Amino acid sequence: MTLQSFKRTVFPKSNPKQKRPLIIPIFLPHMGCPHQCLFCNQTSITGYSNKLPSKASMSRQIERFLSFCRQKRQFTEVSFYGGNFLGLSFDQITDLLSHASIYIQKGHINGIRFSTRPDTIEPKCLELISSFPISTVELGVQSMNDQVLAMVRRGHNRSDIKTAIALLKQTNYAIGLQLMIGLPGDTFKGMMESAYQIAAIKPDFVRIYPTLVLKGSPLSKWYQTGKYTPLSLPYAIEQTKSLFLMFQKKGITVIRMGLQASYELNQYDTVLAGPYHPAFGHLVLSSIYKDAIYQMLSKIFPDSQTSEKNRSVQLSANPKDISKVQGLKNKNLFLLKKEFNLFQLKVIPDPALPIGILSLKMP
């Protein structure tokens, strides 16, 4: 028999303009927040107390991260996360930015990044920070559905989001938007509508977070009384996969899917319910690769359960894609071999193949 060979692009390349910096996180749990959103408990996530970091603690954190990967760093940002940065007092904002700027003046870092609420993006705030070396601003959008935003007590609406982004686009800052799936009152259709509206805004990047029921959050009471049911892990993966592929098609980079794994999140009583997994993003990407391989195999074996025995397939991928091809604990290979009645599905690393390109061969 002649050798059959197929190639497939798993998904479009990420936006080449999007930098992948070394992030030095400075956590400000709940600081600057006017109230607690239904799903939020930043202290549980980060393990940090509800107070501003001292200059000494900031310096320790920055210098500790700067000791990592000295030869590989290309772009480094000090990043203020976990609170509502522009909701702080002007004196607090100035103090934090001034101390971080010292490391830029010394040439140790390249920029400053922070996350904030859309309704804090006001001309007076942008004027305050204009003299500092801000490189990236992230907005906690969560949804573009006003009913969902009201239900989760965000305190802002879709109009606030659009106004904030219009103001930010008058600056040179990279703009990132954070979207959540599985929010109370939301549906898959509603979530996709939000995602398409976000894509139309053309941010530089997005993050996708599944809603978790965190200990101490107002949502935990809803869960305990049966008022809220979180997404299952498999369904959250499927929803996130749809979002990821849509954003990729639109040329918008998805820089994170799922919360960053941490000691606090991995404690048994931090996440009461919901689709938490320390490798959530990997699970989503693995599912995308599995779908692509399934489609390739379907062209070769339209009758997947034919009685032919000893069928072998060789699948080649860039070394950086191998773990996603195999799936967690080789789950993808197990399922595909079973589905197509394969004797062998051999995965070969091929550095000559670009990331995101698969090559399949069989005798």
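In the predicted model, the second largest pocket is lined by 14 residues. Those nearest its centre are Pro234, Ile237, Leu283, Ser287 and Lys331. Two or more lining residues are contributed by each of the helices α9 (233–249), α10 (280–300) and α12 (331–339). The volume of this pocket is about 340 Å³. By residue class, its lining comprises 6 nonpolar, 5 polar and 3 charged residues.

Helices α9 and α10 also pack against each other, with their axes 9 Å apart and at an angle of about 70°. Because angles of 65 to 115 degrees count as roughly perpendicular, α9 is described as roughly perpendicular to α10. On the α9 side, the contact involves Leu233, Ala236, Ile237, Glu238, Thr240, Lys241, Phe244 and Leu245. The α10 side supplies Phe280, Leu283, Val284, Leu285, Ser287, Ile288 and Asp291. This contact consists of 10 nonpolar, 2 polar and 3 charged residues. Ile237, Leu283 and Ser287, which take part in the contact, are also among the residues that lie nearest the centre of the second largest pocket.

A further helix pair is formed by α2 (residues 55–66) and α3 (residues 90–105), whose axes come within 11 Å and cross at roughly 35°. The crossing of these two helices is right-handed. In α2, the residues that meet α3 are Lys55, Met58, Ser59, Ile62, Glu63 and Leu66. Their partners in α3 are Leu96, His99, Ala100 and Tyr103. The contact of α2 with α3 contains 6 nonpolar, 2 polar and 2 charged residues.

How values were computed
Residues are numbered from 1 along each chain as its sequence is written. This is a predicted model: local features need pLDDT of at least 70, side-chain atom pairs count only at pLDDT 80 or more; totals for chains, interfaces and linings use all residues. Side-chain values use heavy atoms; hydrogens and water are left out. On a 1 Å grid over the protein atoms alone, a cavity is a set of points where a 1.4 Å probe fits but cannot get out, and a pocket is an open set with protein on both sides within 12 Å along at least five of seven lines; lining residues have an atom within 4 Å of a point. Grid points are joined across faces, edges and corners, and a volume is the space filled by probe spheres set on the points. Helices (H or I, at least four residues) and strands (E, at least two) are DSSP runs, numbered from the N terminus. Ala, Val, Leu, Ile, Met, Phe, Trp, Tyr, Cys and Pro count as nonpolar, Asp, Glu, Lys and Arg as charged, and the others, Gly among them, as polar. Axes are lines fitted to C-alpha atoms, for helices over the stretch in contact, and angles run from 0 to 180 degrees between N-to-C directions. A crossing is left-handed if the near helix is turned anticlockwise from the far one by less than a right angle, and right-handed if clockwise. Contact means heavy atoms within 4.5 Å. Angles under 35 degrees count as roughly parallel, over 145 as roughly antiparallel, 65 to 115 as roughly perpendicular and the rest as oblique.
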